[in-house]
Amino acid sequence: MTEPVRREETADQFSEHAAGFASAAAHFSAESLKLIGELASDAHYGLAIDVATGPGFTAFEVAPYCDRVIATDPAEGMLDQVRRIAKERGLNNVEARHAYADALPVDDAAADLVTCRTAPHHFPSIIDFLAEVARAVKPGGTFILADTSAPEDDDLDAWINDMELRRDRTHVRDLKHSEWRGLLAEAGFEQNFEATTRVYMETRDWCARTGVSDTDLEAIIETWRNAPDTAVKEFQISRVDGPEENYSFSWPVFVTRTIKT
Ligand SMILES: C[S@@+](CC[C@H](N)C(=O)[O-])C[C@H]1O[C@@H](n2cnc3c(N)ncnc32)[C@H](O)[C@@H]1O
């Protein structure tokens, strides 16, 4: 049984691979990012907090609709990327701050908007994360969430979560949409929008971003080769032409906008 990774180790691993994340098209050109921009553009917000900001793409996407955005992450390497890209784009209302998802650097009910994209599957406790967002956001404030998700089918849920963990020891769990809906309601968030987007990737590039060893990569490729038909269909798995055996695929992404009651 593999030991769960401590959250500090997770932050160190992301710090180490921060530059690669900042240039990964799967992150900065994803459908979920564009959708979050559209969902935020309906209003103007005072203070926004982007949780687990990585290189800051979500913070930059919502920045035009906010007075001020605090882009938070526990990986110092990611915060350096946020500062660099914000400067390049001339965004003066985005500041980078060190924080874990369960200890946001603001007073109670200080935020008008909280965002979090493609990160909760790394958090040790979703309940603690949602409780912290509920503390930080004003009643009537907005919380926009997007995360890689698992199908409702238990076998496909196991397949995607096993694959994620083999590719990245810091993976905790992709939740089913039904699980998200329940946890959000329990934490006091009322959904007013929900959609499923997809994130498109290729196995070798995806594994390179987390530094998977050659041996583990070959074992992972073998699993893709032998993926059950249900997984091939659900995750749009397809062999990529080329000298090396490689697969393109897509993961579902749960996107929702909620209001704090
Ligand atoms: C895939 S990146 C996030 C991408 C980013 N949100 C975006 O929209 O492009 C995942 C991020 O989660 C952060 N992270 C991991 N564990 C965390 C935790 N417990 N609390 C807060 N952030 C965490 C990592 O440091 C990393 O930067």
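Which residue forms a salt bridge with Glu-245? Arg-225 does, with the closest N and O atoms 2.7 Å apart. A salt bridge here is a side-chain nitrogen of Lys or Arg within 4 Å of a carboxyl oxygen of Asp or Glu, and the structure holds 24 of them. Please keep in mind that this is a predicted model, in which local features need pLDDT of at least 70 and side-chain atom pairs count only at pLDDT 80 or more, while totals for chains, interfaces and linings use all residues. Residues are numbered from 1 along each chain as its sequence is written, and side-chain values use heavy atoms, with hydrogens and water left out.

Two terms come up throughout. Buried means under 20% relative accessible area, exposed means over 50%, and partly exposed is in between (1.4 Å probe, protein chains only). Helices (H or I, at least four residues) and strands (E, at least two) are DSSP runs, numbered from the N terminus.

**Salt bridges**

- Arg-225 lies in helix 11 (residues 214–225) and Glu-245 in the loop between strand 7 (238–239) and strand 8, so their bridge ties together parts that are 20 residues apart in sequence.
- Arg-225 is partly exposed at 43% relative accessibility, whereas Glu-245 is buried at 16%.
- Salt bridges with shared partners join Asp-154, Asp-157, Arg-173, Lys-176 and Glu-179 into one network.
- Within this group, Lys-176 pairs with Asp-154, their closest N and O atoms being 2.5 Å apart. The pair links distant parts of the chain, with Lys-176 in the loop between helix 8 and helix 9 and Asp-154 in helix 8, 22 residues apart.
- Lys-176 is buried, with a relative accessible area of 12%, while Asp-154 is exposed at 54%.
- Asp-157 bridges to Arg-173, with the closest N and O atoms 3.0 Å apart. Here Asp-157 sits in helix 8 and Arg-173 in the loop between helix 8 and helix 9, 16 residues apart.
- Asp-157 is buried at 8% relative accessibility, and Arg-173 is partly exposed at 27%.

**A buried lysine**

- Lys-260, in strand 8, is buried yet has no salt bridge.
- The nearest side chain of opposite charge is Glu-190, 10 Å away; in this count Lys and Arg are positive and Asp and Glu negative, with His and the chain ends not counted.
- Leaving aside neighbours within four places in sequence, Lys-260 is in contact (heavy atoms within 4.5 Å) with residues including Ala-134, Lys-138, Gly-188 and Phe-189.

**Helix 7 and its cover**

- Helix 7 spans residues 126–136, and its buried residues are Ile-126, Phe-129, Leu-130, Glu-132, Val-133, Ala-134 and Ala-136.
- Among the elements that cover these buried residues are strand 1 (45–51), strand 5 (137–148), helix 9 (177–186) and strand 8 (247–260).
- Ser-125 caps the N-terminal end of helix 7, with a side-chain oxygen 3.4 Å from the backbone nitrogen of Ile-127.

**The largest pocket**

- The largest pocket has a volume of about 740 Å³.
- Of the 48 residues that line the largest pocket, the closest to its centre are Phe-14, Arg-117, Thr-118, Ala-119 and His-122.
- Helix 1 gives the most to this lining, with four residues.
- A pocket is an open set of points on a 1 Å grid over the protein atoms alone, where a 1.4 Å probe fits, with protein on both sides within 12 Å along at least five of seven lines; lining residues have an atom within 4 Å of a point.
- Grid points are joined across faces, edges and corners, and the volume is the space filled by probe spheres set on the points.

- Thr-118, in the loop between strand 4 and helix 7, has a positive phi near 55 degrees and is partly exposed at 27% relative accessibility.
- Ala-109 also has a positive phi, near 55 degrees; Ala-109 is found in the loop between strand 3 (94–98) and strand 4 and is partly exposed at 31%.
- Ala-146, in strand 5, is buried with a relative accessible area of 0%.
- Ala-146 and Arg-117 are 29 residues apart in sequence and 4.5 Å apart in space, C-alpha to C-alpha.
- Thr-230, in helix 12 (residues 229–234), is exposed at 51% relative accessibility.

Methods. Polar contact = N/O pair within 3.5 Å; in protein donor to acceptor, adjacent residues only side chain to side chain.
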